[in-house]
Amino acid sequence: FLSVEMTIYNLYIFDCNGTCLFYREWKRTKHMQMSNDEEMKLVYGMLHSLQSFVTRMSPVDAKDRFVSYRTSAYQLNFYETPTGLKFVLNTDLNVGDVLEILRDIHGKIYVDCVVRNPLSKQGEPIDSNLFSSQLNSFLSNLKIF
Amino acid sequence: PNRMVIYSVYIVNRAGSLIYHYDHAANAPSTETTKTYDRHPIDLVFREGERLVVHFGDKEKIGLSVVKVNGEVVHGKILPSGQRILDYLAEPSNYPVRLQFAKPRLTSNERIMLGSMFHSLYAIAAKLSPVERSSGIEMLEAENFKLHCFQTLTGLKFLLLTDPRQSSGETLLRKFYEIYGDYALK
């Protein structure tokens, strides 16, 4: 039985207005020469352009959805909820089905720790220790298939 | 044997300009629907671009454009008679009205713009990499298609649009590069 370890580099969560609600990095080795704010705006802008690009380019469907892209070094995985919440997970290339992982991050961790938290404010960065620790344990348990 | 479905090929130069485009028409799927509307008002909300695009009202039709009104082909927002389609649809005496919706073919301008857009996205993806020495986007996956990109050492990009089950278009794209070298450059 061959187990392949998946490496997770970083995770971004944006709300429907483009506010970055959450960012965490695990194994990231290269940073950009720009502030965090600028980086978040760049990532959000790129996602917006990618979604527009995919919808227009699609030879089949008029409302096609962007799922992921790969480069020689990493894979960017994307998931958007019907409420406009956007999850971006950068992983290495040894990945299986990341969509399930992103759905679980939203459905099992975000919903329980943020949506159901009476102290969390909509439109503001996530301020919950429970969310961070649940997320960490969830992702650590995933790393070996 | 696995049949590869290829939709189109694009070649973008190092400045981001589209220099070649090919649509494999045999594989282009048809997403047309026709519906007759009996009375005013119709339950669709349109978005005006170069054409009338369905924005809201019918799940099956969102994103599709009006291509025919009562059997006559329309190329934008105007009827062959010169009247604006929206004005025609606002007049109850014109009903029933038969509209055909389809995903229109991209215009040359739109393709040039998309080529340029991808050129930029390719570079941003390399820049955003969390690890050292990343290339730009080599493969982009959507729900209904996959885009494969091969960039040559001189910065020329060969793009291939295929069905979503294709794992790698690189071999084919390298072959295109060979053909390009032999027939387009020499």
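This passage describes the two chains of a predicted model and the interface between them. Residues are numbered from 1 along each chain as its sequence is written, and chains are lettered from A, with ligands numbered from 1, in the order in which they are written. In this predicted model, local features need pLDDT of at least 70 and side-chain atom pairs count only at pLDDT 80 or more, while totals for chains, interfaces and linings use all residues; side-chain values use heavy atoms, with hydrogens and water left out.

We may start with chain A, which has three helices and five strands (DSSP runs numbered from the N terminus, with H or I over at least four residues for helices and E over at least two for strands). Along the sequence these elements follow the order β-β-α-β-β-β-α-α. The radius of gyration of chain A is 16 Å, close to the 15 Å that the globule rule gives for 145 residues, so chain A is as compact as a globular protein of that length; here the radius is taken over C-alpha atoms, and the rule is 2.2 Å times the number of residues to the power 0.38. The C-alpha trace of chain A spans about 45 × 45 × 35 Å along its principal axes.

Over all chains, the structure holds 17 salt bridges, each defined as a side-chain nitrogen of Lys or Arg within 4 Å of a carboxyl oxygen of Asp or Glu. One of them joins A:Glu39 to A:Arg28, with the closest N and O atoms 3.0 Å apart. This pair links distant parts of the chain: A:Glu39 belongs to helix α1 (residues 36–57) of chain A, whereas A:Arg28, eleven residues apart from it, sits in the loop between β2 (20–25) and α1.

Chain B is built from three helices and eleven strands, arranged along the sequence as β-β-β-β-β-β-β-α-β-α-β-β-β-α. Along the principal axes, the C-alpha atoms of chain B fill a box of roughly 65 × 40 × 35 Å.

Some backbone details of chain B deserve a look. Most residues other than glycine have a negative phi, and most peptide bonds are trans. In chain B, the peptide bond from B:His40 to B:Pro41 is cis, with omega near -5 degrees, and B:Pro41 lies in the loop between β3 (33–37) and β4 (45–48). A cis peptide bond also joins B:Tyr95 and B:Pro96, with omega about 0 degrees; B:Pro96 is in the loop between α1 (85–90) and β8 (97–102) of chain B. B:Asn70, a residue other than glycine, has a positive phi near 50 degrees and is placed in the loop between β6 (65–69) and β7 (72–73) of chain B.

The two chains also meet through strand pairing. Strand β3 (residues 66–70) of chain A pairs with strand β9 (residues 139–142) of chain B in the antiparallel sense over four bridges, where pairing requires that DSSP find at least two bridges between the strands. Within this pairing, A:Arg70 is the bridge partner of B:Met139, and A:Tyr69 that of B:Leu140. On the chain B side, β9 pairs in turn with β10 (residues 146–151), antiparallel and over three bridges, with B:Glu141 and B:Lys146 as bridge partners. A hairpin of three residues joins β9(B) to β10(B).

B:Lys103, B:Leu128 and B:Pro130 supply 19% of the area that chain B buries against chain A, more than any other three residues.

One salt bridge is counted between the chains, and the side chains of B:Glu143 and A:Arg65 meet in a salt bridge at 3.0 Å, N to O.

Key
Buried area = accessible area lost by both parts, 1.4 Å probe.
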